[in-house]
Amino acid sequence: MTDMPATALSAPQESPECVHFVDDWHGILHETYGGDSDRVVLDCARRLAADPAGEGAYAWTLGLVMMAAHIGRFSHKDVAAAALEALHATDRRLREAPCAHRTHPYEGDLDDRIDHFVDDLPLLTNGLAEDRDPDWEDDATKEQWLCPRDIAGYARVAIDIIAPGSVGGIPPRLPVRDARRAEDLRSIVWDYPSAAVDPAQELSAYARNLVANPLGYHRAGLVVVLHAACWYAASGRIRDRRVLDTMVDALEAVLPGLGGASCAHGEGEHPEVGRDTAEQATVGIHLLSPGGRGVYRHWHREELETAPLEAWLCPAFLAAIAREALDHLRTGRERLFGLRDTAHLDEALLRPDGRLDVERLTHAVRFRCRDGQAAEDAGLWAARRFAAGPADPRERLVLLLVACWSVTSGEEAPPEAVHRDLRAILGAVRTDPAGGSCPHGDAHPWEVLAELAGRRHFGFHEDPYGAHLNHLYAPGEYDTPEPSFGAEVWGCPRHVGERVGQALRVIDGAR
């Protein structure tokens, strides 16, 4: 006959032994424990191994559940092996024990319960029934918690966390490593990457996995993940072209296997994607593992508005979103890293007489928050026209100042497609801001305007930089703005050198 734990509510322990360790287990669960965590794990595992079906098996098993994520990620191999051996022994001894319970706590959502283990463990054997224990808040009874089959179930849960996929007979659960991946990926598509996350490395890893096996089990999840992340990757946040190249390669590799896939799904029966990329990325991670897919099936049963799992796995659906992501990444790659064409702007930024439409030029840079590419193109156009050498020195000065402004007005440096040419043009400007004498002191225009703007001297709809550059180029067409500066101050070598130097520092900081 299978051994069963002797623990019973009628035989209370005044101070269960686990109370001496449960705070340490809780600290290891939350990565706040400052001591030797392997020692704590090994002690708990040895205690369970010494009597895997005994009176204290519930405590040592739940202790290993609390520490399982840490064990699987950080513990030495011999420590993890000892924990697994003890848990397997408990499972073997208790999983077939007689039981009249319809359900057990281990079948529920561990994430909802595990934080309460630190408080509930000492209560399990205090001799008080649930209705007489003011501190007991769990929905399950203590008898259900102490049931041998529940202890065996939690042993399997811990085994699966430490060694994912190595044991059955547990509720579907997203592997711990995938839960971290989902959290990291959400932080990326939200554009607030966690401190320890390198978006370029993360996205490259998913793409490389798909390139390596475009027909494998992970195909659907990886396609969904790359589609969710393609907007971020093509936004300019990724400064390494190789990341976009690898993502493009991955999607190109997967499409032939999807072929001209068709399906029986009707209109609107495929998942809606692209609107909530964080939710989509989370689903993609769940598609990577059997446990994750099982969790998603449960979601679908609970949340009827979610698409069924089969719709996410549909080859026709995957082909459609792979093509959409591929088109977006190719377009973004060209915009970010290709040769940026600005010749078409001659028609918009030059008047019929060949003079600058300076107001349009400065307006494009000023409103970069509305159209960042238009501001980048305007600055690059100004730099290229400056390099071409217009004869009018006043125009040359304005073009150079606008080119610098287009770089320094944004929160981030321009992409490689823009800063590649800007770096070459501005780097060739001969200035020496540190040398020579200057009669203007601290009265150079840009610094004065920046200080005034920082003090909100100007209204929201006013444009101090554009208004001054417009007047500098065409003083007869535009009113004199306040404070006013003469052309010689704008063109002071020190002032121009400072503007060029700041723009180059911004560009070089992005490389």
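Biologist: Is Arg351 buried, exposed or partly exposed?

Modeller: Please bear in mind that this model is predicted. Arg351 has a relative accessibility of 26%, so it counts as partly exposed, because that class lies between buried, under 20%, and exposed, over 50%.

Biologist: With which residue does Arg351 form a salt bridge?

Modeller: The general idea comes first. Side chains of opposite charge can pair when their charged atoms come close. Here the partner of Arg351 is Glu477, and the closest N and O atoms of the two are 2.9 Å apart. Glu477 is in the loop between helix 23 and helix 24 (487-490), while Arg351 is in the loop between helix 17 (345-349) and helix 18 (358-366), so this pair ties together parts that are 126 residues apart in sequence. Glu477 is also partly exposed, at 44% relative accessibility.

Biologist: How many salt bridges does the structure hold?

Modeller: The structure holds 24 salt bridges. One of them joins Arg275 to Glu272, with 3.5 Å between the closest N and O atoms; both Arg275 and Glu272 are exposed.

Biologist: Let us turn to cysteines. How many disulfides does a search of the whole structure find?

Modeller: A disulfide is a covalent bond between the sulfur atoms of two cysteines. The search of the whole structure finds zero disulfides. For Cys99, the closest cysteine sulfur is that of Cys147, 3.6 Å away, which is too far for a bond, because a disulfide needs sulfur atoms within 2.5 Å. For Cys404, the closest cysteine sulfur belongs to Cys492 and is 14 Å away, again too far for a bond.

Biologist: Are Cys99 and Cys404 buried or partly exposed?

Modeller: Cys99 is partly exposed, with a relative accessible area of 30%, whereas Cys404 is buried, at 0% relative accessibility.

Biologist: How many residues of helix 23 are buried?

Modeller: Helix 23 (residues 464-473) is mostly covered, with nine of its ten residues buried. Among them are Pro464, Tyr465, His468 and Tyr473.

Biologist: Which residues gather in a patch of negative charge on the surface?

Modeller: Asp276, Glu279, Glu302, Glu303 and Glu305 form that patch. Glu303 is found in the loop between helix 14 (290-302) and helix 15 (309-313) and is partly exposed, with a relative accessible area of 39%.

Biologist: Finally, where does Glu411 lie?

Modeller: Glu411 lies in the loop between helix 20 (393-408) and helix 21 (416-427). Its relative accessible area is 85%, so Glu411 is exposed. The C-alpha atoms of Glu411 and Leu146 are separated by 58 Å, and the two residues are 265 residues apart along the chain.

Technical notes
Residues numbered from 1 in each chain as written. Predicted model: local features only at pLDDT ≥ 70, side-chain atom pairs only at ≥ 80, totals over all residues. Heavy atoms only, no water. Patch = residues over 30% accessible without salt bridge, like charges linked within 9 Å, V, L, I, M, F, W, Y side chains within 5 Å. Areas by Shrake-Rupley, 256 points an atom, 1.4 Å probe, with all protein chains shown as cover. Salt bridge = Lys/Arg side-chain N within 4 Å of Asp/Glu carboxyl O. Lys, Arg positive; Asp, Glu negative; His and termini not counted. Charge placed at Lys NZ, Arg CZ, Asp CG, Glu CD. Helix = DSSP H or I, 4+ residues; strand = E, 2+ residues; numbered from the N terminus. Buried < 20%, exposed > 50% of the residue type's maximum accessible area, 1.4 Å probe, protein only.
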